[in-house]
Amino acid sequence: MLRIYSNHHALRSICRSMSSLPKYETLKLSQPKPHVTLVELNRPTKLNAMNKELFEELKTCFEQLSIDKTCRAVVLTGAGKAFTSGIDVKYLSTVAIGELSQIDDSARKALHLRRMIKRTQSCLRAVDQCEKPVIAAIHGHCLGAGVDLSACCDIRYSSRDTTFSIKEVDMGLAADVGTLQILPKSITNHSLFRELVFTARSFDTNEAQQIGLLSRVFDTREAVLDAAINLASVIAKKSPVAILGSKIQLNYARDHSSDDNFNFVSTWNSGMLLTEDIIKSIMASSVSSEKSNKNAPSEIEYEDV
Ligand SMILES: CCC/C=C/C=C/C(=O)SCCNC(=O)CCNC(=O)[C@H](O)C(C)(C)COP(=O)(O)OP(=O)(O)OC[C@H]1O[C@@H](n2cnc3c(N)ncnc32)[C@H](O)[C@@H]1OP(=O)(O)O
């Protein structure tokens, strides 16, 4: 039976946000709309610089949101003046100077670093691999590992004031946790992208849009956050089976050949087309086409996944 989204349902979701959302030291979670989780990087006095704890909490948080049945879309933002100023330089020097200096053998030093890089990659990839769409709401600064983090998001919105930099070359390293691994498959202007990578220079939202990093730019931080939350809410009202399947297909297609993609979707959809969501969606479309405003489909209460 087709049920219209009830106030009772919305109230239940909001109540949940006040009581049972997980608590973190460096992240803050809230639920601004039903089925939408807002994740804020929460080290505002350090411009949300990413230390070991923040990386680890991102992994825990996004792995949890991926299987949280009540969450259907996520907005990722930064508390305070910036999205993030990148890796915490004190953490980087703790690894580079502190931990490595305790190890004598070069091979063991290399293995230690390799494990640390792979672990950090897995923390940011938890965002990419989260089964729910993640929208980055960027403002202020988005530097170094901040660009890697935004690369792991599905959609990027920004306020006009943001300064970006793929800063790794100026730290003496090649970016290794997302920017150079994911973005080359989605950006649209490789010449400008390579210029930004090789020079590490700052760039603004105009150039970020030129390379295809951003889909929309807003005048203020409030506007970008509002727009991201509203977009997440639109997504959260769609069939969760269709949205989850679409994200998994998009990520798979990014990483595989066309033959593999067609093969994968036929197997995936042979199970997923059995969903009751299809009947509900068709019924809602026919109800809305009978109404005068054909662009306003009824809101359907889909079961959580
Ligand atoms: C395997 C993993 C490999 C990953 C590699 C990743 C590489 C990168 O991320 S490279 C980018 C690293 N980030 C930076 O180099 C940025 C450093 N910060 C700045 O240049 C300035 O803070 C900035 C221009 C962003 C803003 O300047 P503003 O004057 O507006 O603010 P500040 O007074 O400088 O900052 C306020 C406090 O925040 C602390 N802080 C800012 N960014 C970082 C950071 N990245 N790491 C550690 N701490 C940071 C800053 O020290 C101030 O703290 P306090 O002095 O205690 O008030």
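# A tour of the chain and its ligand

Residues 24 or more positions apart account for 69% of the contacts in the chain with a separation of 6 or more. Keep in mind from the start that the model on screen is predicted.

**Stop 1: the whole chain**

Show the chain as a cartoon and colour it by secondary structure. There are 12 helices and 9 strands to find. Turn the view along the principal axes: the C-alpha trace spans about 70 × 45 × 35 Å. How does the radius of gyration of the chain compare with that of a compact globule of 305 residues? The globule would have a value near 19 Å and the chain has 21 Å, which agrees.

Among the 305 residues of the chain, 45% count as buried.

**Stop 2: the ligand**

Select the ligand and the residues around it. There are 19 residues around the ligand, and those that come nearest are Lys46, Ser85, Ile87, Val89 and Ala145. Colour this shell by class to see 8 nonpolar, 5 polar and 6 charged residues.

Next, pick out three of these residues and look at individual atoms:

- Ser85: a polar atom of its side chain lies 2.8 Å from a nitrogen atom of the ligand.
- Val89: here a backbone N or O atom is 3.0 Å from a nitrogen atom of the ligand.
- Ala145: a backbone N or O atom lies 2.8 Å from an oxygen atom of the ligand.

On its own, the ligand has 1,100 Å² of accessible area, and the protein covers 66% of it.

**Stop 3: Gly86**

Select Gly86, in the loop between β3 (73–78) and α3 (89–101). Is Gly86 buried or exposed? Gly86 has a relative accessible area of 1%, so it is buried. Display what Gly86 touches, leaving out residues up to four places away in sequence: Asn48, Ala49, Met50, Leu143, Ala145 and Gly146. For a view across the model, draw a distance from Gly86 to Val305: the C-alpha atoms are 33 Å apart, and the two residues are 219 residues apart in sequence.

**Stop 4**

Asn48 is in the loop between β2 (36–41) and α2 (52–67). With a relative accessible area of 0%, Asn48 is buried. What is the phi of Asn48? It is positive, at about 55°, although Asn48 is not a glycine. Most residues other than glycine have a negative phi.

Select Ala200 in the loop between α7 (190–199) and β8 (202–203). Ala200 is not a glycine either, and its phi is positive, at about 60°. Its relative accessibility is 5%, so Ala200 counts as buried.

**Stop 4: Ala227**

Move to helix α9 (residues 221–236) and select Ala227. Buried means under 20% relative accessible area, and Ala227, at 15%, therefore counts as buried. Which residues does Ala227 touch, not counting those up to four places away in sequence? They are Tyr157 and Phe218. Then draw a line to Val134, which is 93 residues away along the chain; the C-alpha atoms are separated by 13 Å.

**Stop 5**

Select Asp260 in helix α11 (residues 258–272). Asp260 is partly exposed, with a relative accessible area of 35%.

Follow that line to Gln181, in helix α6 (residues 179–182). Gln181 has 39% relative accessibility, so it counts as partly exposed. Leaving aside neighbours within four places in sequence, Gln181 is in contact with Ala175 and Asp176. To end the tour, select Cys152: it is 29 residues from Gln181 in sequence and 9.9 Å from it in space, C-alpha to C-alpha.

Terms used:
Residues numbered from 1 in each chain as written. Predicted model: local features only at pLDDT ≥ 70, side-chain atom pairs only at ≥ 80, totals over all residues. Heavy atoms only, no water. Near = heavy atom within 4 Å. Polar contact = N/O pair within 3.5 Å; in protein donor to acceptor, adjacent residues only side chain to side chain. Areas by Shrake-Rupley, 256 points an atom, 1.4 Å probe, with all protein chains shown as cover. Nonpolar A, V, L, I, M, F, W, Y, C, P; charged D, E, K, R; others polar. Helix = DSSP H or I, 4+ residues; strand = E, 2+ residues; numbered from the N terminus. Rg over C-alpha atoms; globule rule 2.2 N^0.38 Å. Buried < 20%, exposed > 50% of the residue type's maximum accessible area, 1.4 Å probe, protein only. Contact = heavy atoms within 4.5 Å.
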